[in-house]
Amino acid sequence: MLNISGIHEGFVLDHIQAGMSLQIYDDLKLDTLDCCVAIIKNAKSNKMGKKDIIKVECPIDALDLDILGFIDCRITVNIIKNDSIVEKRQLSLPKEIKNVIRCKNPRCITSIEQGLEQIFMLTDTEKQIYRCKYCEAKYKGKRRRRS
């Protein structure tokens, strides 16, 4: 049996689709943090069959919940303080995302101006449609989906 010790202060990302933890690690830029990170892949789950878990020992402020909500809003964020879970946050689709996806419209100003942020606004929650703030180009669906 694998044993990974608890964390004193930080957060645990639970209910990650099996096999997605390394991609989430990259997307959240956890490699730039100077803290302890544990990735558990293919853990048994009654709810999902298999799941991944990421444990991070650093303040929750280091985590961009908007990026995480865009990746998969079904991930649970458990906030740990003094060795106990003090809060469980459920994610939702962010209304606005910055610099996560790029506009595919070659005529968009973001394709021409290098320093401009890539900003997309959620326009349809049910269909998960985001539109570029500058040219209204459509981005349908999230980057990752659970089956």
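Is phenylalanine 70 buried or exposed? In this predicted model, phenylalanine 70 is buried, with a relative accessible area of 0%; buried here means under 20% relative accessible area, exposed means over 50%, and partly exposed lies in between, with a 1.4 Å probe and protein chains only. Residues are numbered from 1 along each chain as its sequence is written, and local features need pLDDT of at least 70, side-chain atom pairs count only at pLDDT 80 or more, and totals for chains, interfaces and linings use all residues. Side-chain values rest on heavy atoms, with hydrogens and water left out.

Five strands make up an open sheet in the order 2-3-1-4-5, with antiparallel pairing. At its edges stand strand 2 (36-45) and strand 5, each with a single partner strand, so one side of each has no neighbour in the sheet. From one strand to the next, the twist averages 20°, taking axes as lines fitted to C-alpha atoms (for helices over the stretch in contact) and angles from 0 to 180 degrees between N-to-C directions. Strands here are DSSP runs of E with at least two residues, helices are runs of H or I with at least four, and both are numbered from the N terminus. Two strands count as paired if DSSP finds at least two bridges between them.

Strand 4 (residues 76-81) has five of its six residues buried, so the rest of the structure largely encloses it. Strand 1 (residues 10-17) runs antiparallel to strand 4, and five bridges join the two; glycine 10, for one, has isoleucine 80 as its bridge partner in strand 4. Six bridges link strand 4 to strand 5 (residues 84-90), again antiparallel, with lysine 81 opposite serine 84. In the hairpin of strands 4 and 5, two residues sit between the strands, and asparagine 82 takes a positive phi near 50°. Asparagine 78 belongs to strand 4 and is buried, at 6% relative accessible area. Setting aside neighbours within four places in sequence, asparagine 78 is in contact (heavy atoms within 4.5 Å) with residues including Phe11, Asp14, Ile85 and Lys88.

What about the nonpolar cores? A nonpolar core is a set of buried Ala, Val, Leu, Ile, Met, Phe, Trp, Tyr and Cys residues joined through side-chain atoms within 4.5 Å. The largest one has 30 residues, and Leu13, Ile24, Leu68 and Val77 have the most contacts inside it. Elements giving two or more residues to this core include strand 1, strand 3 (49-57) and helix 2 (65-71), and helix 2 gives the most, with four residues. Apart from this core lies another, of six residues, among them Ile40 and Ile80.

The structure also holds three aromatic pairs, where rings of Phe, Tyr and Trp (its six-membered ring) pair if their centres lie within 6.5 Å, and planes under 30 degrees apart count as stacked, over 60 as edge-to-face and the rest as tilted. The rings of phenylalanine 70 and tyrosine 139 have centres 6.3 Å apart and planes at 45°, so this pair is tilted. That pair ties together distant parts of the chain, 69 residues apart: phenylalanine 70 in helix 2 and tyrosine 139 in strand 9 (residues 138-140). Tyrosine 139 counts as buried too, at 16% relative accessibility. With phenylalanine 120, tyrosine 139 makes an edge-to-face pair, because the centres are 6.5 Å apart and the planes at 75°. Phe70, Phe120, Tyr130 and Tyr139 form one aromatic cluster.
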